[in-house]
Amino acid sequence: MKSSERRMKLILLLQQSNHRLTVNDIAEKFDISRRTVFRDFNALSELNVPVTWDEYSGYGIMPGYKIPPLMFTSKELATIMVGLNFVKSQVDKTLVEDAEGVELKIKELLPDDLREFMESLEERTVVDPYMNYGAEKIDGGNWYLISSAISQNKSIGFDYRSKSDEKMTKRKIDPYLIVFFRDHWNVIGFSHKREAIRNFVLDRMSEIQILDEKFVPYGQIDTEALIFRSDESSSKIVVDVSESALRRFEANLPAKIIKKKRINPNLFRLSFLFDNLDFINEWLLQFPREVVIAEPEVLIEKRINLLEVMMDGK
């Protein structure tokens, strides 16, 4: 690590630590000598960084000190550009506008060489081109308001448009997570109407309000369990996947694989739980030759019926 990068990280460490740090703490953190730590503090002093010291507890930094946002390395800036380009590829136009605003503010504060570097990456770093160039930008739900409710552990109320019949209903949930899946954002939380964990698509939510009702999640939030949850309505799905498609299948499957076994040199048998057979039936169509449904029988029948509808054009 370059000395300039290490010193920047030292400032951040002092800012974010909830207690003072000793020279030994810092030397161990960066795998450097005590002598190098003292040299770093001398360098920060020359830059007028308000480092404080207490003979009993060690080093800290003056409360309220803000590190200049232009102190990025080129690698960190490239990472930021990848993140911003991902957000700008979203179908939610509010997210796109917010990402463009963040990008503009960063550019305004960067020195010329880093600004030129950032601009050179802007058009040459493309994340998910099919969403970026092909999908129409729409209002995707007030993700920021929902995020605020999550951070405060407050319930939200909203109108929800059902996918099955387009009917609008009033809903109230305790929001736990915001999750991006494929081409849309979702909020997962406890539904007061169903008295169970449910998933809601953000672009089907409107008139969202943070309610003056705090909730206490039952135990610690288990992100993986909430995303890959199953219940009595879930069916066990067993499919045979060719080795050539295995990586893509596992990376995109909207469920957690519970069993995986190689059954011949080029074929794997995978099992998972899913609660919507119609959805998974259509999802599996993206693997027309690489995936064969082994069970349940009802899913195989749904596949035959769906193919007949596709052939008939009805």
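This is a predicted model: local features need pLDDT of at least 70, side-chain atom pairs count only at pLDDT 80 or more; totals for chains, interfaces and linings use all residues.
Local features need pLDDT of at least 70, side-chain atom pairs count only at pLDDT 80 or more, and totals for chains, interfaces and linings use all residues. Residues are numbered from 1 along each chain as its sequence is written, and side-chain values use heavy atoms, without hydrogens and water.

The largest nonpolar core has 20 residues; such a core is a set of buried Ala, Val, Leu, Ile, Met, Phe, Trp, Tyr and Cys residues joined through side-chain atoms within 4.5 Å. Buried means under 20% relative accessible area, exposed over 50%, partly exposed in between (1.4 Å probe, protein chains only). V239, V241, F249, F272, I280 and L284 have the most contacts inside this core. Elements giving two or more residues to it include β8 (235-242), α10 (243-252) and β10 (267-274), and β10 gives the most, with four. Helices (H or I, at least four residues) and strands (E, at least two) are DSSP runs, numbered from the N terminus.

In helix α6 (residues 112-122), L114, M118, L121 and E122 are buried. They fall within an arc of 110° seen down the axis, so they line one face of the helix; the arc is that of the directions from the helix axis to the C-beta atoms. The face turned away from the buried side of α6 carries the exposed residues D112, D113 and E116.

The structure holds twelve aromatic pairs (rings of Phe, Tyr and Trp, its six-membered ring, with centres within 6.5 Å; planes under 30 degrees apart are stacked, over 60 edge-to-face, the rest tilted). The ring centres of F158 and F200 are 5.4 Å apart with planes at 80°, so this pair is edge-to-face.
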